[in-house]
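Please keep the viewer open as you go.

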Amino acid sequence: MLNGASSAAAPSEVGILKLQEVAKWYPIQKGIALKRTVGHVRAVDGVSLEVMHGETIGLVGESGCGKTTTGKLILRLEAPTGGQVFFEGLDLNRMSSAEVRDYRRKVQAVFQDPMASLSPRMKVGSIIAEPMIMNLGLPRNEILERVGAAMEAVGLDPSAAPMYPHEFSGGQRQRIAIARAISVNPKLLVLDEPVSSLDISIQAQVINLLKRIQEEHHLTYLLIAHNLGTVRYLTHRIAVMYLGQIVEEAPTEEFFNSPMHPYSKALLSAAMPIRPKDSREAIVLSGEVPSPANPPQGCRFHPRCPSAMPQCSRVAPTLRENAPDHMVSCHLYDG
């Protein structure tokens, strides 16, 4: 993948990743000697989502809505409480040991804080080489060659391979993390807030780097982010999460031009406009986000929704198509 560039391609109509009613509940336990479960935190609660080859889908929502937990389920860092995750048609829970090894090569991650995700005791060359050693079993000379190619691909000088992470700037450290991720020729990258810890002046450089790498190497991205400007620039589609569930899913430009769910409208209202002269209706939500340990009955957004109706507190809406390729979970669009 790192040996040559090819022209960008539009997302295919073939799914690479599929989540089907995926849930992750964490038990709430009391007691010291005899612990008992008294409830559950429903971090992710019935998420269904399909990601196509070559596309970038953005997962957005307030802190605590379940975005990062969803990413961990995809990366097999957490096991789902319910539902299924499929990659290239294979159920993650039913993979053989050989299939798991192949999956760990094909699905890589770039996390929010590169200082936390890069070992301070390892040289940069060793950090980038580690996934190749674990997953590919290549001879040493080929690994060194691929380390240099990965560093060049992200705009770093291969001569810096003997240096340690603390000797680099924040943006350079994130480039190291990206180089590590692409070194094993993955198919899917999970990007968890990849630029939020960087200075504003550096964010655009890393965003453009991610876009270029995707186009050159036909990667698929799942972008977890709260900065809607970043999401708009990088993604083809957006899925909005609230209290562990997806409440809206739409093509990116349609989402920004015609949001349907009241929560989506509030998110866009609170975001910084792309152009200073743009005017937006200010939407102020009442109350706090309910606890995922005790979510509201019916629509989970109804206690804060400015458009709530009587049935919203009784009947949970379903996520369904209300316009071409535009899904929304809201009683406003029933019938």
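The points below cover the sheet, the helices on it and the cavities.

1. A word on the basis. This is a predicted model, in which local features need pLDDT of at least 70 and side-chain atom pairs count only at pLDDT 80 or more, while totals for chains, interfaces and linings use all residues. Residues are numbered from 1 along each chain as its sequence is written, and side-chain values use heavy atoms, with hydrogens and water left out.

2. Strands are DSSP runs of E, at least two residues long, and helices are runs of H or I with at least four, numbered from the N terminus; two strands pair if DSSP finds at least two bridges between them.

3. Within this sheet, β3 (residues 56–60) and β8 (residues 220–224) run parallel, paired over 4 bridges. Look for G58, which stands opposite L223 in β8.

4. Contact means heavy atoms within 4.5 Å; axes are lines fitted to C-alpha atoms, for helices over the stretch in contact, with angles from 0 to 180 degrees between N-to-C directions.

5. Which residues of α2 (residues 97–106) are buried? They are V100, Y103, R105 and K106, where buried means under 20% relative accessible area with a 1.4 Å probe, protein chains only. These buried residues pack against α1 (67–74), β4 (82–87), β6 (107–110), α4 (124–135) and β7 (188–192).

6. Finally, the structure holds 2 cavities of 30 Å³ or more (a cavity is a set of points on a 1 Å grid over the protein atoms alone where a 1.4 Å probe fits but cannot get out; lining residues have an atom within 4 Å of a point). Of its 13 lining residues, C299, C305, C312, C330 and H331 are the closest to its centre.

7. The second largest cavity, of about 40 Å³, is lined by E193, P194, V195, S196, A225, N227 and T230.

Technical notes. Buried means under 20% relative accessible area, exposed over 50%, partly exposed in between (1.4 Å probe, protein chains only). On a 1 Å grid over the protein atoms alone, a cavity is a set of points where a 1.4 Å probe fits but cannot get out, and a pocket is an open set with protein on both sides within 12 Å along at least five of seven lines; lining residues have an atom within 4 Å of a point. Grid points are joined across faces, edges and corners, and a volume is the space filled by probe spheres set on the points.
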